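Here is a short report on aromatic contacts. Have the sequence and the 3D view to hand.

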Amino acid sequence: MPALIDRSSAPRHLVTIEAVDARQLPAARKRLDAAQRRWLDANAFDAKPGSAILLADAQGKPARVLVGVDAADPLAALAALPTTLPEGVYQLAADGVALDPAQAALSWALGAYQFTRYRKAKRTPATLAVDATTLAAVQPLAEATALVRDLVNTPTEDMGPEQLGDAIRRLGKAHKAKVRDWVGDELLKANFPTIHAVGRASHRAPRLVELSWGKAGHPKLVIVGKGVCFDTGGLDLKPSDGMRWMKKDMGGAAHAIALAGLVMQAQLPVRLTLLVPAVENAVSGNALRPGEVVVTRAGHSVEIDNTDAEGRLVLCDALAYGAEQQPELMIDFATLTGAARVALGPDLPALFGNDDALAEGALAAGKAVADPLWRLPLWRPYRKMLDSYLADFANAGASRHAGAITAALYLERFVPDGLPWLHLDTYAWNDADRPGRPRGGEAMGLRALFALLQQRYGKA
């Protein structure tokens with residue numbers, strides 16, 4: 001990760017960055033020489049959040065940077081600097097607004113990210129020197145975030161079900177984990193009927209990929225991610241504007257893969273199972289039709305009210321299989337509903353949980369690491385919205401009310417009573433460029449859930 005380096009290996013001359021706000025700006029001015037103050041005034045620098053100014057020494061060389069920050073948005077503090085400051089090595093000053101070293105370093109790393117699979121980087125980012133402890137804490141998080149972004153940004157032609165499986169195999173090889181999958185009609189033989197039903201219309205075979213890692217005596221943790229590599233909506237075809245960005249519908253799988261990697265890299269004392277049902281929801285002669293009934297792995301008969309409510313279908317077989325392993329905790333990530341975005345907007349993932357203490361712990365962890373979540377209720381009276389006249393229940397219903405809640409309630413039917421479970425309905429996408437949040441794929445809820453797991457199972 002070239003944007004961050006250990007201070008002990010940094011060059012002797014480092015340009016200092018001082019974080020300021022309107023209150024701290026007068027004190028910062030006093031630390032400058034007369035020429036630097038004149039330059040500050042000439043540029044009308046007022047310490048507005050996101051603003052920055054580079055100051056030179058008497059020889060005209062870069063000497064100090066002042067950057068305006070907002071304490072309420074720590075991950076934006078330094079995010080604009082890696083690609084706007086001249087190339088070189090910088091360090092954070094002890095003066096000015098006190099920034100958490102880890103959050104400041106992560107802000108820098110997130111701002112340095114560029115997706116370069118199809119074009120060269122626009123420029124080489126500047127480098128921030130940090131202490132070894134901060135680097136060790138931040139580097140895995142920055143790399144995991146970059147992995148989510150890279151996976152989601154990659155178009156479906158290069159990130160179909162097979163390629164998503166390849167990403168899991170690479171992860172397994174890196175951590176000496178076991179990886180296996182069920183592909184195509186093997187899903188039917190192994191009793192994963194809903195995964196097969198959703199993915200069978202594509203020319204690219206559906207699959208369920210399983211990664212296993214950890215020692216037998218450790219508590220069992222199952223992480224599940226929705227891997228719909230492209231979602232046309234099926235025969236309930238999406239309009240063009242709704243289909244345009246559906247390469248991102250495997251964002252849940254990207255989060256699950258990245259979280260599994262963080263767990264293994266941190267050597268958390270768990271027996272980990274990662275499950276990714278990877279499919280394309282396509283249209284062809286054998287596409288799943290509205291009105292069909294599919295009997296799931298758990299034995300529930302499900303009427304297909306809408307083929308565009310496919311994410312919950314692929315997840316339900318994976319959740320049922322994960323529950324059979326009798327884990328202590330099960331977590332799933334999914335880009336599941338537009339209703340969650342209508343309710344909470346693009347930046348706040350919707351959190352659902354069947355254990356109040358667990359859900360509150362996730363919220364607190366998210367707040368602590370500046371990766372916020374917002375809990376929505378599993379309001380069980382709404383189960384009636386998924387009633388079916390001929391099956392146990394439907395995958396969707398006529399009402400447009402409470403769409404995120406009814407989707408979560410559908411999934412909950414596949415989680416046995418007494419098994420702690422968290423469901424994250426995440427957008428996994430930035431609609432526009434912001435410092436540290438480039439347009440495209442984004443990790444939302446990843447660091448929050450990892451912090452929760454660190455607290456639950458102990459840090460490395």
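Predicted model: local features only at pLDDT ≥ 70, side-chain atom pairs only at ≥ 80, totals over all residues.

A search of the whole structure finds ten aromatic pairs. Two of the pairs are set out below.

| Pair | Geometry | Centre to centre | Angle between planes |
|---|---|---|---|
| W245 and W429 | tilted | 5.2 Å | 40° |
| F393 and F414 | edge-to-face | 6.1 Å | 75° |

**W245 and W429**

The tryptophan pair links distant parts of the chain, 184 residues apart. W245 sits in the loop between α8 (240–243) and α9 (251–265). W429 belongs to strand β19 (residues 429–430). W429 is buried, because its value is 4% and the cut-off for buried is under 20%. W245 also has a charged neighbour: R244 lies over its face, at 3.8 Å from the ring centre.

**F393 and F414**

F393 is in strand β17 (residues 393–394). F414 is in the loop between α13 (403–412) and β18 (421–425). The pair therefore ties together parts that are 21 residues apart in sequence. Both F393 and F414 are buried. Which residue places its charged end over the ring of F393? That residue is R413, with its charged end 4.2 Å from the ring centre.

**A cluster**

W182, F192 and Y321 form one aromatic cluster.

Notes:
Residues numbered from 1 in each chain as written. Heavy atoms only, no water. Phe/Tyr/Trp six-rings, centres within 6.5 Å; stacked < 30°, edge-to-face > 60°. Helix = DSSP H or I, 4+ residues; strand = E, 2+ residues; numbered from the N terminus. Buried < 20%, exposed > 50% of the residue type's maximum accessible area, 1.4 Å probe, protein only. Lys NZ or Arg CZ within 6 Å of the ring centre and 35° of its normal.
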